[in-house]
Amino acid sequence: DGGIHREIYLETRNQVHINDAYILTDPDLKGRADIALMVKIHNPRLISHDYKIEIFSPQGALIHEYTIEGWTMQTLQHRIQLNFVSLWSPDNPVQYKCRIQVCEEGGDERSFLFGIRKIEISPDEGFTLNGKSFRMRCVSRLEESHELGLTQSLASIKKDLEAVKSAGFNTINLGLFPPHQKTLDICDKIGLFALEEIPVWKTLL
């Protein structure tokens with residue numbers, strides 16, 4: 001089996017642009033959370049730029065704003081503490097938004113959604129979510145159908161995941177190959193844990 005079964009597109013970007021962002025959250029379960037942000041920037045000539053970071057609440061209110069001036073490196077890190085945070089869970093899948101901008105006319109801008117949650121695993125407590133014992137109810141899903149084959153539309157992905165959620169499951173196993181990015185986005189939005197395989201084959205870790 002072969003062929004193209006996912007989107008292919010050409011993307012025009014500014015000379016200096018945001019490649020990606022990694023957001024780590026560490027809530028204290030008392031209403032506060034430490035947020036660590038790492039931004040990957042495409043800036044091979046190391047041109048000095050200002051960058052604006054904004055955090056929005058699940059209701060869309062601006063709750064944090066910070067501008068980093070004269071930055072030349074291709075990795076940017078920023079740490080903040082948020083108060084009165086809402087925690088993500090399958091029953092309450094609230095998402096915050098982080099927007100990062102290159103401060104220039106027509107500058108690049110990207111937004112990332114994230115949930116604030118605390119996951120711990122211990123021999124005594126097992127799996128805990130936000131300080132409470134959590135039992136995973138899981139089902140597997142393969143990105144294949146008799147109508148579309150390996151091709152996946154956004155509508156078909158959303159339909160499958162919403163059916164899993166409505167059936168009472170809170171976790172989905174995504175199979176043996178990397179899932180579509182929209183699959184992970186929708187899981188986070190509707191409140192499903194996603195079990196994603198490590199991308200190795202015939203390798204002893």
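In these legends, a residue is called buried when its relative accessible area is under 20%.

**Figure 1. The whole protein, seen as a predicted model.** Let us start with the overall picture. The protein is built with 2 helices and 13 strands. Its C-alpha trace spans about 50 × 50 × 40 Å along the principal axes. How many of the 205 residues count as buried? The share is 33%. Take the contacts between residues at least 6 apart in sequence: 59% of them join residues at least 24 apart.

**Figure 2. The surface and the charges of the protein.** The protein carries 23 positive and 28 negative charges. Where do their mean positions lie relative to each other? They are 3 Å apart.

**Figure 3. A close-up of Phe-127 and Phe-134, a tilted ring pair.** A search of the whole structure finds 5 aromatic pairs, and here is one of them. The ring centres of Phe-127 and Phe-134 are 5.8 Å apart. Their planes meet at 50 degrees, so this pair counts as tilted. Are these two residues buried or exposed? Both Phe-127 and Phe-134 are buried.

**Figure 4. A close-up of Phe-127 and Phe-193, an edge-to-face pair.** Look at where the partners sit: Phe-127 is in strand β9 (residues 126–129), while Phe-193 is in strand β13 (residues 193–195). The pair therefore ties together parts that are 66 residues apart in sequence. Phe-127 and Phe-193 are both buried.

**Figure 5. The ring cluster around these pairs.** Which residues do the ring pairs link into a cluster? They are Trp-88, Phe-127, Phe-134 and Phe-193.

Figure 6. The search of the whole structure finds 0 disulfides. Cys-98 is in none, and the nearest cysteine sulfur, that of Cys-103, is 13 Å away. A disulfide needs two cysteine sulfur atoms within 2.5 Å, so that distance rules one out for Cys-98. With a relative accessible area of 1%, Cys-98 is buried. Cys-138 is in no disulfide either; here the nearest cysteine sulfur belongs to Cys-187, 10 Å away.

Note on methods: Residues numbered from 1 in each chain as written. Predicted model: local features only at pLDDT ≥ 70, side-chain atom pairs only at ≥ 80, totals over all residues. Heavy atoms only, no water. Helix = DSSP H or I, 4+ residues; strand = E, 2+ residues; numbered from the N terminus. Buried < 20%, exposed > 50% of the residue type's maximum accessible area, 1.4 Å probe, protein only. Contact = heavy atoms within 4.5 Å. Lys, Arg positive; Asp, Glu negative; His and termini not counted. Charge placed at Lys NZ, Arg CZ, Asp CG, Glu CD. Phe/Tyr/Trp six-rings, centres within 6.5 Å; stacked < 30°, edge-to-face > 60°.
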